[in-house]
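Grab the model and work through these two exercises. Each one comes with a solution in steps.

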Amino acid sequence: MAYRTHTLKEINRSLENKTITVCGWVNKRRDHGNLIFLDIRDRYSLLQVVVDSENKETFRKAEEIRSEYVLQITGELRKRPLGTENTKISTGEFELVASNINILNRSKVPPFSISDEQKDYDEKLGLKYRYLDLRRTDKKENIIKRHLITNTIRNHFLENDFLEIETPYLTKSTPEGARDFLVPSRLQPGTFYALPQSPQLFKQILMVSGFDRYFQIVRCFRDEDLRADRQPEFTQVDVEMSFVEPNDVMTITEELFKKLNVQFGIECDYPIKRISYTEAMNKYGTDRPDLRNPLEILDFTEILKDTKLKIFRSVIEKDGYIKGFILKNKECHPTRPTLEKINNMAKDFGLPGIAWILFDGSEVRSPIAKFLSENEISSFKKTFDLGDKDAILLAAGKDGLLEALGSLRLFLGNEFNLVNESEFKYLWVVDFPLFEYDEKEKRLNSVHHPFTAPHPEDLEKLDTDPLSVRSLAYDIVLNGNELGGGSIRINNTNLQSKIFKLLDISPEEAQIKFGFLLEALEYGAPPHGGIALGLDRITMLFTGAKSLRDVIAFPKTQSGTCLLTDAPSQVDRKQLDELSISVNIKEEQG
């Protein structure tokens with residue numbers, strides 16, 4: 001005999017006055033003397049169950065039932081009395097009058113409420129008892145939405161002739177080896193596999209193999225410090241295409257997000273705006289700007305080139321800049337106390353301070369007012385169309401100035417409530433630098449990865465000015481969050497070897513780590529490129545979750561531990577001996 005005749009999502013008017021059997025957990029129990037009400041919960045919904053004292057055996061069982069007991073209940077489905085309906089749930093116009101209750105399993109008292117009444121509880125407690133936490137509506141809905149998002153993604157690529165192909169989990173350590181999770185080989189003592197940070201090389205090999213369009217929803221691993229938006233293992237939507245330019249990859253990606261927006265009822269502007277890395281840094285101080293915030297970094301250097309303020313003049317003479325923001329009264333309503341608060345906060349972002357100017361009627365209020373000439377004040381007003389109660393924020397500097405102002409911009413957006421949290425604003429950032437200089441190591445590093453193709457217009461600069469070389473790379477950003485990044489890849493062995501040399505990777509090291517790729521590129525590698533999207537982050541943003549941990553079934557803590565299973569943990573000495581491993585734990589210096 002089946003446990004149940006119907007799930008709670010199947011409850012509808014066609015079942016009215018019929019006898020049915022349902023199963024689920026006790027969400028709530030309410031004792032009204034002659035009547036006991038049980039709210040039964042399954043994956044799909046809730047249903048109110050009524051137990052009448054006239055049914056003595058069933059009522060006796062109901063008296064001993066507590067929250068989270070697992071029940072099988074048979075009874076007659078009827079309409080609730082007029083005025084007692086619950087419009088918040090799909091079964092809200094019905095109740096089940098129990099004729100028989102079978103207790104399938106009992107439950108200990110949970111360490112926190114499952115019924116959503118207890119909103120605030122220790123997150124670590126939720127992670128330790130994750131099987132209980134996932135019964136709560138918000139967590140359960142996040143996991144279900146993740147499933148739906150994953151299906152939409154998979155169907156999108158299948159509909160566009162992509163092949164879903166699996167790549168290895170046990171692979172070779174990468175150039176960023178310090179961030180690899182290593183797996184010892186028992187059969188080849190002293191050697192190690194690495195869990196992949198990305199299927200990058202394998203998906204390029206698949207293009208050389210002629211598969212043309214590949215995708216994979218794949219688990220990746222990175223042993224790095226964690227934050228709210230980082231996990232040691234994460235899921236990546238991995239995509240690669242042959243015979244493409246950046247626009248081809250970006251277009252197929254945009255079409256995916258159009259579908260996700262429709263699925264979640266979100267309106268957005270298309271096509272997605274595209275700006276260069278240089279413009280993003282100059283306007284927003286970051287390569288992943290939140291376009292919901294209308295503030296832009298402005299350059300006041302030209303107006304203040306003859307300033308009498310020594311601090312500003314000194315910076316300008318050293319080829320520095322005076323940059324900052326315009327705060328319009330219509331949007332921000334800046335006041336003197338608020339501007340002083342901003343000046344204090346600016347120091348937390350690495351700025352020595354902020355000089356502010358408030359235009360108050362015919363007066364100019366500012367700590368630097370006596371250093372401002374009539375011509376400078378007039379230029380401010382005319383250039384930036386300033387009116388009464390508008391204000392200017394000024395910061396002086398050179399290296400790091402834009403990044404600091406980018407952080408201040410985020411603070412100002414929150415301080416003046418400039419960001420509409422319900423909006424979705426996408427952005428493509430393109431033309432990233434190919435290299436960046438590592439001051440500590442005194443060498444070039446790849447901004448994305450060493451397989452990214454240089455911009456064709458900048459190839460000649462590789463020998464003379466590599467730091468000015470742009471790449472054929474592109475990132476997609478949503479509301480200040482990087483959703484993913486990609487690039488056109490190098491498909492020429494000579495160029496790839498040249499890039500390795502610029503990165504101070506010797507021919508011998510390149511051969512050891514990437515010899516199979518270099519050789520594959522010599523066998524007719526097509527032009528190809530792709531993108532990798534973060535499924536966890538996409539789900540977090542589309543569900544409105546506060547953290548990646550809220551959209552992953554079994555996440556790790558910020559220290560990389562699993563509180564449910566107590567991993568990582570020590571292993572038996574015998575296991576280590578079989579792997580030819582000895583453990584040397586360094587004591588922390590006091």
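**Exercise 1.** Work out which residues lie nearest the centre of the second largest pocket, and how many residues line it.

*Step 1.* The second largest pocket has 29 lining residues, and F181, L182, P568, S569 and V571 are the ones nearest its centre. Here a pocket is an open set of points on a 1 Å grid over the protein atoms alone where a 1.4 Å probe fits, with protein on both sides within 12 Å along at least five of seven lines, and lining residues have an atom within 4 Å of a point.

*Step 2.* Now the elements: β7 (181-184) and β8 (192-195) each give two or more residues to this lining, with β7 supplying the largest share, four residues. Strands are DSSP E runs of at least two residues and helices are H or I runs of at least four, numbered from the N terminus.

*Step 3.* This is a predicted model, with local features needing pLDDT of at least 70 and side-chain atom pairs pLDDT 80 or more, while totals for chains, interfaces and linings use all residues. Residues are numbered from 1 along each chain as its sequence is written, and side-chain values use heavy atoms, leaving out hydrogens and water.

**Exercise 2.** Find the order in which the five strands close into a barrel.

Terms used. Two strands pair if DSSP finds at least two bridges between them.
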